Amino acid sequence: MFKEYKNLEIDKITNEIRCFWEKNKIFEKSIIYRNNKKLYVFYEGPPSANGSPGIHHILSRTIKDIFCRYNTLKGQKVTRKAGWDTHGLPVELVVETKLGITKKDIGKKISIYTFNKKCKEAVMRYSNEWNKLSKHLGYWIYLDKPYFTFKTKYIETIWWLLKNIYKKKILYKGYKIQPYSPAAGTGLSSHELNIPGAYKKKSDLTIIVQFKSKKNTLPKKLKKINGDIYLLSWTTTPWTLPSNTALTVGINIDYVVISTYNPYSFSKINIILAKKLIKKVLYKNFFPVSNEKELKEIKQNKIPYLVLNVFKGETLIGSCYEQLIDWFLPYKNKEKAFKIISGNIVNKKIGTGIVHISPTFGEEDFFLSKKNGIPPMLILDKNKIPIPLVDMEGKFIKETPYGFSGKFVKNEYYSYDKRPDKSVDLEIALFLKKLNKVFKIEKYIHSYPHCWRTQKPILYYPLDSWFIKTTSLKKEMLYLNQFINWKPKSTGKKKFGYWLENITDWNLSRSRFWGIPLPIWRTKKGDEEIVIGSIEELINEIEKSVKEGFMSYNPFKNFIIGNMSEKNYNSIDLHKHNLDNIILLSKYKKPMIRESDIIDVWFDSGAMPYAQLHYPFENQFLIDKKKFFPADFICEGVDQTRGWFFTLHTISCILFNSISFKNVISNGLVLDKTGKKMSKSRGNTINPFEIIKKYGPDTIRWYFISNSSPWGNIKFNIEKIENIKKKLFGTLYNVYSFFAIYANIDNFKYKEKEIKLKNRPTIDKWILSELNTLIKKTYNNYNNYEPTKVARKIEVFVIDNLSNWYIRLSRRRFWKGNYTNNKISAYQTLYTCLLTIYKISSPIAPFFMDNFYKNLKNTLEPFESVHLSYYPKYNISTIDKNLELKMSIAKDITSMIFSLRKKEKIKVRQPLKRALILINNFPPKKNFIINIIKKEVNIKHIKFLSNKKMYNFTKKTIKINYKLLGPKFGKNINLINSLISKLNKKEIKNIENVYFFIIKIHDHKICLSKKDVYILTEYMQGWSAICYNGITVALDTNISEDLKKEGLSRELINKIQNIRKYYKYKITDKILLYIETSKFLEKIIKNNKKHICEETLTSELILIKNLKYGIFLYIENKKFKIFLKRNL
RNA sequence: AGUCUCGUAGCUCAGUUGGUUAGAGCGCUACACUGAUAAUGUAGAGGUCCGCGGUUCAAAUCCGCGCGAGACUACCA
């Protein structure tokens, strides 16, 4: 027996299947059973469990699950290990808040040990939520032995990787300009700048200053100009001007030399600025003139200017200028300073098009100057250590002249009572004005980052950091990127590609506490250093140090080298609180202390392919033999492009000269119904658990996948989910129920031999052809990582082809007649369709499909679960495109006849005599189609007519094929079209009968082929007709007396069936039928009695004059009485 | 501010290398059909293909400039 249902309870099914999976370890089996099969490698991007999962995690986890399940179906072994990202600032901030402390207090008020302990506790606080999400969503992943980034084994791999990066000589210590809060005395991470509210509108004093060019270094063109030439440059941070060492121009930007006057001193000057910005810089008091004469007069403070020359920025590159404020000179390479360099940072819309560069206080400035060999403005302090002109409290250094010494560069850094009237920026402006070096002073409002703790503006400040020299690997990384299949392509090519193009060295350092410590020890002077690559190495080094007396004992002496047991590894902790106490011995017997920073958490996650395996200490072959590397597939949100995707790629490129993932889907965001981002502050977030509970995981999964491509943003709309539940799952349920009811009645169990395709009725051949086409298409789309196309194709098949067409047409075969081959064929066909649908849909809707699969499984299909079965193979010989085409024409014709009936107001129950159909080039063998149409639309005769016969009834129109003729005739195409469209019916007919014909344009003869035009037959005179898609259908609307009676008899059948249904009789129940007789009814019944009895399973139909019991019915407004009862 | 993605019916989305009159589903209105169906069919209403300009015989599609939404990066001086 096939299981029958009373109604569809998705919730119940889901729970049952979930229990079934757990109890029978289906997930485990799906891996074990494929033990000797090829591996499909999937990497789980580790989530951080210190926040609870949101609705968007449903999206990415659904996609991940789909491809893991699909590839299992394909017969591959798909292991997937869960992992947790455990380190990082967000955790630390949570703990800080909880303990009511700030960064300064760590190591003072509270020990690093305690702090780290608290972090470790805090990090997993939502892990239960995450596991619950996996479970409820049906996301299959090994939760039992996940990798944790804080575990000793994980850390050991990271160290090994870092040591090998060091060996490649691309790990170095250097300066980086970083956001820094002088008020708080700490550097800030970019994360902290992204805290909402960090960017605030700030009003700054901006000035345009005049850098005097060294004329002999200018291009020839400009040397000829009389007088000094100044480069105008704009800045919002005048306090950085003493640190200026270069100017930047855009090579493709047009610049001009202008002769004019300084608006403050009215001295005559030549200035250089971007052509496009003339109007913005020289507005209000300035006016353009066209010759030297006019330039001479300043009228009522109106200043004339004359454009002398236009040139590309490129020509300025390498030219020099005089230092603007000559208080200091760079301690190193000063001869290379004060040059014009090129850079793409030049904004064409604001400023002057010439950017002032202070490498010590701007990140872009820093990189650009480094690239161009420009020295930063660093001077040597009394200890001969290079320092910038502003100290770490945000003050000008002592040595600064003209009263600037010790002044805060931002007024906000003073306490309120001590804040001076004039800010440093203003003082610098006035100082330069006196020297006649200022062209303009203005206020400017822009958004500027502020320290989230002190609410004061941050500075960009050079700080010590460890870097990986990723810039040196740019080529390799770009090259290897070509071999990654990105979904969508643009993320890989553009977003990721551009990012690689503009790659900067990877800053690994974080001056925080909860993370993997840098395994680097250095002497005080920094002349000797060691990078530790394993615990063994560390222990050995400690031993040396103990011998020399730098350390009193070895804190890790209980660790057994070479013992890979969890117990051994859990016995030691490699976090900062332990490592900072370790002092190592240098080659020249000097003490070395650890570089105090921890490693960027992104390195943790990017190292996950190796660290999850404890490579190379264990599982070495899995990576080296490329068994578990690179991944076949990863998937995360598009925001990970510069996050996880990047770090994975970088590490594998550096160390393994390989990509680390072959296919990647970067999914979009989940927005609310109106397209707004979901956020707690907006209050439009959706609880993933509630939504899963309410609609079921399959429905949600299907919704996410079918609604739009996963890489687009999805607007989360509950109504659509409802629709999927009703339409797809409802229909599938109904098709199954239909099958189960009748299969059980006929005791069909798929025990009979499979009926050969050639012996099946055409309708079965058709649906099997469509089914195989579907398998083929879904197979390709899965392989191309296009889940949306898969889901949509399945929807069309299930709803349109299988339910609304195949079953509708085949209905009678299931419930009428004996258990013949025809009937068996119907069962076998429907069975195959259902089983196939369950399999190909199971990656997307794993619960629902498994449930129904299990109901159908039999000796032919022995698998315990659909997820242990195999993806169906499509059979090319079953696909009959011609048949599919014919059927789609039949559908069209049916629709058209319904449409005509509606127009003529003739019910479908009323049989009609005939319909005529005109269609060009209809494939042969029409009978099958004719029979379907006849039954569907209740018409006795369907006739396909040839063109010739129809000639008199039709109107012909002709149109040209633009696609073919357009390229041939270009502009003349419209002329040809007007000529062609004027052809009369006879001429068109002539064209139909030939292959080529000739038309005349302006005495030119043009030869056209029949393919160059479309001929449409549109209309039939005197008939009720309709035309669509090149098909014309005409309906004979005359109703004879006999047809009328037949129609009425059908009306009667319908009424009886409704009563049976109302009485809840079984479909197989036979009945006795009593009808109160009348002339009207006798007329109806007379010729159709047999048919009526057959249709309604009436064993006896009795006409009685006076019927005591019964119900009243109406046909055509005539009242009569009827009584029926079960014939037991 | 820059970069990237997106913008097609009230809603969600298709729309092939540019080519005849831009489509589907949901929703709305009316009618029909139904012994699996909470379905389905037919008809109707509903479009400045975000706007402007360009290339072309021909643009929703290609290019440029805007506008709007989102992400990423952000003192991009």
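Reader: What's the helix and strand share over residues 47-57, and how far apart are the end C-alpha atoms?

Author: Residues 47-57 are 27% helix and 0% strand, with 10 Å between the end C-alpha atoms. Helices (H or I, at least four residues) and strands (E, at least two) are DSSP runs, numbered from the N terminus. This is a predicted model, where local features need pLDDT of at least 70, side-chain atom pairs count only at pLDDT 80 or more, and totals for chains, interfaces and linings use all residues; side-chain values use heavy atoms, without hydrogens and water. Residues are numbered from 1 along each chain as its sequence is written, while chains are lettered from A and ligands numbered from 1 in the order written.

Reader: Which annotation covers 47-57?

Author: An unreviewed UniProt entry labels it "short sequence motif: 'HIGH' region". UniProt positions follow the numbering used here, feature names are shortened, and annotations may be inferred rather than shown by experiment.

Reader: And what does D85 touch?

Author: Leaving out residues up to four places away in sequence, D85 touches P46, P47, S48, A49, V123 and T149, contact meaning heavy atoms within 4.5 Å. D85 sits in the loop between β1 (81-84) and α4 (89-99).

Reader: Is D85 buried or exposed, and where's the nearest opposite charge?

Author: D85 is buried without a salt bridge, and R510, the nearest side chain of opposite charge, is 12 Å away. Buried is under 20% relative accessible area, exposed over 50%, partly exposed in between (1.4 Å probe, protein chains only). A salt bridge puts a side-chain nitrogen of Lys or Arg within 4 Å of a carboxyl oxygen of Asp or Glu. Lys and Arg count as positive, Asp and Glu as negative; His and the chain ends are not counted.

Reader: How many salt bridges by that rule?

Author: The count is 35. One joins D764 and R813, closest N and O atoms 2.8 Å apart. That pair links helix α26 (residues 762-783) to helix α27 (residues 787-815), 49 residues apart, and both D764 and R813 are buried.

Reader: What does the Y460 side chain meet?

Author: An N or O atom of the Y460 side chain is 2.3 Å from a phosphate oxygen of RNA strand B. For K727, a sugar or linking oxygen is 2.9 Å away.

Definitions and conventions: Polar contact = N/O pair within 3.5 Å; in protein donor to acceptor, adjacent residues only side chain to side chain.
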